[in-house]
Amino acid sequence: MNARERIEAVLAGEKPDTTPIFPKIAFANAVFCEGVTVKDYMTDPGSMAKAALNSYHKFGWDGVALHTDISSEGKALGSVYQQPEHTPPILKKYLMDDIWDLDRVKLPDPYTTESMKTVVEAVRMVRREIGEETYILGWTNGPLNVASQIYNLDELLMALIEEPEASHALLERCTQVACVYAEALIEAGADMIAYGHATASSNVISKNCYLEFALPYEKKLVQCIHNHGAKAVTHICGNIEPIVDAIAQNGADVIDFDHVCDVNVLRDKAPDKIFRGNINPVLFAEGTPGVMEEAVKALLEKEGTRSKFFLGSGCEINLTAREENLQAFVKAGRMYGVK
């Protein structure tokens with residue numbers, strides 16, 4: 001099987017020859033690509049595509065993800081960011097001063113607005129290059145995440161309680177923004193769209209809040225992704241064990257899970273879902289090849305992880321990741337992921 005066939009087998013409920021390897025890595029690709037800075041990666045589609053392709057060939061994983069960070073929608077909507085040369089963007093000013101400033105939230109054009117247009121074009125480039133042999137994933141954000149990039153997070157969380165009407169109106173608009181971006185990524189060649197929704201984590205809001213302010217909008221976003229012919233991935237950082245049964249209702253094809261979660265607990269509550277995870281991102285930076293091998297081995301030997309499973313990182317692999325640990329991650333995945 002090639003990389004694409006391996007991933008498609010899992011998505012179809014069939015057994016691949018080995019567990020697909022598909023970590024969550026974006027701007028850290030710049031670290032391993034000579035001549036590409038983080039700023040280049042974030043602002044130039046050719047640099048983004050070059051860095052993603054370089055890592056794909058260097059490390060040999062099964063899927064290629066193209067995205068910047070959580071800032072894409074915030075930038076496109078009008079929040080102000082600073083872009084350093086060697087780190088991700090820094091949020092300087094929110095678009096909204098008040099939860100009722102809804103008129104400021106206007107649908108962006110992902111083909112002309114940064115950094116959406118950079119990612120869309122990078123997806124198109126990578127699709128032309130390796131689209132027949134591997135799976136290409138684009139990335140948007142869940143509505144609560146989008147809202148947190150245009151309105152202060154603390155005030156947003158208070159508004160969920162004190163201003164539910166305005167919160168729902170804002171989340172409806174943020175869902176439309178995420179959908180417009182997802183549609184453009186799919187048109188450019190993405191096979192799968194992941195959406196980050198850390199603000200919906202059990203570390204941030206209660207299960208009741210998730211059911212009211214996250215799940216209905218996740219369902220709309222997933223439906224939009226499916227309507228345009230792509231698969232959907234839900235990525236919620238932190239602990240999702242208390243809400244995984246609810247997440248399973250949003251219709252996504254794959255659920256990402258962070259290193260703080262136990263895959264067997266998740267499977268007990270959502271037995272029919274495909275999961276992707278969950279090697280601790282810290283190990284890629286601070287671990288050793290031996291420690292990485294043991295972590296991958298332990299994960300892949302757990303009951304139930306040999307089907308309906310992608311080997312990945314629990315969350316974003318950061319800029320301090322070491323090449324030897326990424327190589328060990330893939331080597332161990334191939335060694336212990338054989339069916």
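Analyst: Buried means under 20% relative accessible area, exposed means over 50%, and partly exposed is in between, with a 1.4 Å probe and protein chains only. Helices (H or I, at least four residues) and strands (E, at least two) are DSSP runs, numbered from the N terminus.

User: What kind of model is this, and how are residues numbered?

Analyst: This is a predicted model, where local features need pLDDT of at least 70, side-chain atom pairs count only at pLDDT 80 or more, and totals for chains, interfaces and linings use all residues. Residues are numbered from 1 along each chain as its sequence is written, and side-chain values use heavy atoms, with hydrogens and water left out.

User: OK. Which strands make up the open sheet, and in what order?

Analyst: The sheet is open and has seven strands in the order S1-S4-S5-S6-S7-S8-S9, with parallel pairing. Strand S1 (63-66) and S9 are at the edges with a single partner strand each, so one side of each has no neighbour in the sheet. Neighbouring strands here are turned by 25° against each other on average, direction ignored. Such angles run from 0 to 180 degrees between N-to-C directions, and the axes are lines fitted to C-alpha atoms, for helices over the stretch in contact.

User: What does pairing mean here?

Analyst: Two strands pair if DSSP finds at least two bridges between them. In general, strands of a sheet pair through backbone hydrogen bonds, either parallel or antiparallel.

User: How many bridges join S8 to S9?

Analyst: Five bridges join S8 to strand S9 (residues 309-313), and the two run parallel. Gly277 is opposite Leu311 in S9, and Ile279 is opposite Ser313.

User: And on the S7 side? How many bridges there?

Analyst: Strand S7 (residues 254-256) and S8 are joined by three bridges, again in parallel. Val254 has Ile274 of S8 as its bridge partner. S7, helix H12 (residues 263-269) and S8 also make a right-handed β-α-β unit. Right-handed means that, with the strands pointing away from the viewer, the path from the first strand over the helix to the second runs clockwise.

User: Why is S8 called largely enclosed?

Analyst: Six of the six residues of S8 (residues 274-279) are buried, so the rest of the structure largely encloses this strand.

User: Where does S5 sit, and what does it pair with?

Analyst: Strand S4 (residues 135-141) is joined to S5 by five bridges and runs parallel to it, with Ile193 as the bridge partner of Gly138. S5 also pairs in the parallel sense with strand S6 (residues 231-235), over five bridges, and there Gly196 has His235 as its partner. Five of the five residues of S5 (residues 192-196) are buried, so this strand too is largely enclosed by the rest of the structure.

User: Switching to helices. How do H3 and H5 pack?

Analyst: Helix H3 (residues 45-59) and helix H5 (residues 116-130) pack at an angle of about 45°, with their axes 8 Å apart. That makes H3 oblique to H5. Angles under 35 degrees count as roughly parallel, over 145 as roughly antiparallel, 65 to 115 as roughly perpendicular, and the rest as oblique.

User: What about H10? Which of its residues are buried?

Analyst: In H10 the buried residues are Leu215, Tyr217, Glu218, Leu221, Val222, Cys224 and Ile225. An α-helix has 3.6 residues a turn, so residues three or four places apart point the same way. After H10 comes Gly229, with a positive phi near 90°.

User: Last topic. Where are the cis peptide bonds you hinted at?

Analyst: One joins Glu114 and Ser115, with omega about -5°. Ser115 is in the loop between strand S3 (90-93) and H5. Another cis bond runs from Gly277 to Asn278, with omega near -15°, and Asn278 lies in strand S8.

User: And Thr288, where is that?

Analyst: Thr288 is in the loop between helix H13 (281-286) and helix H14 (289-300). Its relative accessibility is 38%, so Thr288 counts as partly exposed. The C-alpha atoms of Thr288 and Arg322 are separated by 9.0 Å, although these residues are 34 apart along the chain.
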